[in-house]
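Me: I have a structure open and would like to go through it slowly with you. Could we take it piece by piece?

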Amino acid sequence: MQGVENLNEKYRNKYNQNPGLAAQLSYYYGSLLIFALEQNGRDLSTSSLVKTLESIRNFPKPFGGNNIFFGPNKHQGSNESILTQVKGDKWIKVAGPLKY
């Protein structure tokens, strides 16, 4: 995904550490929304945005895991999750991916 290297570099420069799970997910889902808005075009409404999101197939996950896809009867995007726990100031992967 375009910009991932830039995200990592900017994040390290600002916070002196690699981006954690929360930063990665925020970047990813923000990118997904921007992609959908660009695909939708200027005539934006709730129903047109939902229709655009439903048309997304195989949206790449640059940080690992299966790609995201949607459909008219599939609005959750993924059928797996990673279980994490916050310890101190870090997100620690406990288990996963967990398929459902």
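Me: Let's start in the loops: where is the place of N16?
Reply: N16 sits in the loop between helix 1, which covers residues 4-15, and helix 2. Please keep in mind throughout that this is a predicted model.

Me: What is the phi of N16 near?
Reply: The phi of N16 is near 60°, which is a positive value in a residue other than glycine.

Me: And is N16 buried or exposed?
Reply: N16 is exposed, since its relative accessible area is 72%, and anything over 50% is called exposed.

Me: Which loop holds N58, and what about its phi?
Reply: N58 belongs to the loop between helix 3 and strand 1, and although N58 is not a glycine, its phi is positive, at about 60°. With a relative accessibility of 53%, N58 counts as exposed.

Me: Let me step back, then. How many helices and strands are there in the protein chain?
Reply: The protein chain has 3 helices and 2 strands, and when you read along the sequence they follow the pattern α-α-α-β-β.

Me: How confident is the predictor in the protein chain?
Reply: The mean pLDDT of the protein chain is 83, and 89% of its residues reach 70 or more. Among the elements, helix 3 (residues 46-54) has the highest mean pLDDT, at 95, while strand 1 (residues 80-87) has the lowest, at 77.

Me: Now the inside. What share of the residues counts as buried?
Reply: Of the 100 residues in the protein chain, 24% count as buried.

Me: Which residues make up the largest nonpolar core?
Reply: The largest nonpolar core has 8 residues in all, namely Y28, L32, A36, L49, I56, F59, I68 and F70. Helix 2, which runs over residues 21-40, gives the most to this core, with 3 residues.

Me: Why would residues three or four places apart in a helix point the same way?
Reply: An α-helix has 3.6 residues a turn, so residues three or four places apart end up pointing the same way.

Me: Going back to helix 3, which of its residues are buried, and what do they pack against?
Reply: The buried residues of helix 3 are S48, L49, T52 and E54, and the buried residues of this helix pack against helix 2. L49 is also one of the residues in the largest nonpolar core.

Me: Which residues make the nonpolar surface patch?
Reply: L33, L37 and L44 make a nonpolar surface patch of about 250 Å². Of these residues, L37 lies in helix 2, and at 34% relative accessibility L37 counts as partly exposed.

Me: Where does N73 lie, and how far is it from E54?
Reply: N73 lies in the loop between helix 3 and strand 1, where its relative accessibility of 81% makes it count as exposed. N73 and E54 are 19 residues apart along the chain, and their C-alpha atoms are separated by 8.4 Å.

Me: Let's move to the strands. Which residues does S81 touch, leaving out those up to four places away in sequence?
Reply: S81, which lies in strand 1, touches G96, P97, L98 and Y100 once residues up to four places away in sequence are left out. If we take L98 from that list, S81 and L98 are 17 residues apart in sequence, and their C-alpha atoms are 5.1 Å apart in space.

Me: Is S81 exposed, partly exposed or buried?
Reply: S81 counts as partly exposed, because its relative accessibility is 33%, and values between 20% and 50% fall in that class.

Me: And where is I92, and what does I92 touch?
Reply: I92 is in strand 2, which covers residues 90-99, and it touches L83, T84, Q85 and K87, again not counting residues up to four places away in sequence. I92 is partly exposed, with a relative accessible area of 33%.

Me: How far apart are I92 and L21?
Reply: I92 and L21 are 71 residues apart in sequence, and their C-alpha atoms are 8.7 Å apart in space.

Conventions:
Residues are numbered from 1 along each chain as its sequence is written. This is a predicted model: local features need pLDDT of at least 70, side-chain atom pairs count only at pLDDT 80 or more; totals for chains, interfaces and linings use all residues. Side-chain values use heavy atoms; hydrogens and water are left out. pLDDT is the predictor's confidence in each residue, from 0 to 100. Helices (H or I, at least four residues) and strands (E, at least two) are DSSP runs, numbered from the N terminus. A nonpolar core is a set of buried Ala, Val, Leu, Ile, Met, Phe, Trp, Tyr and Cys residues joined through side-chain atoms within 4.5 Å. Buried means under 20% relative accessible area, exposed over 50%, partly exposed in between (1.4 Å probe, protein chains only). Contact means heavy atoms within 4.5 Å. Patches are made of residues with over 30% relative accessible area and no salt bridge: like charges are joined within 9 Å, nonpolar side chains (Val, Leu, Ile, Met, Phe, Trp, Tyr) within 5 Å. Accessible areas come from the Shrake-Rupley method with a 1.4 Å probe; for residues, only the protein chains shown count as cover. A salt bridge is a side-chain nitrogen of Lys or Arg within 4 Å of a carboxyl oxygen of Asp or Glu.
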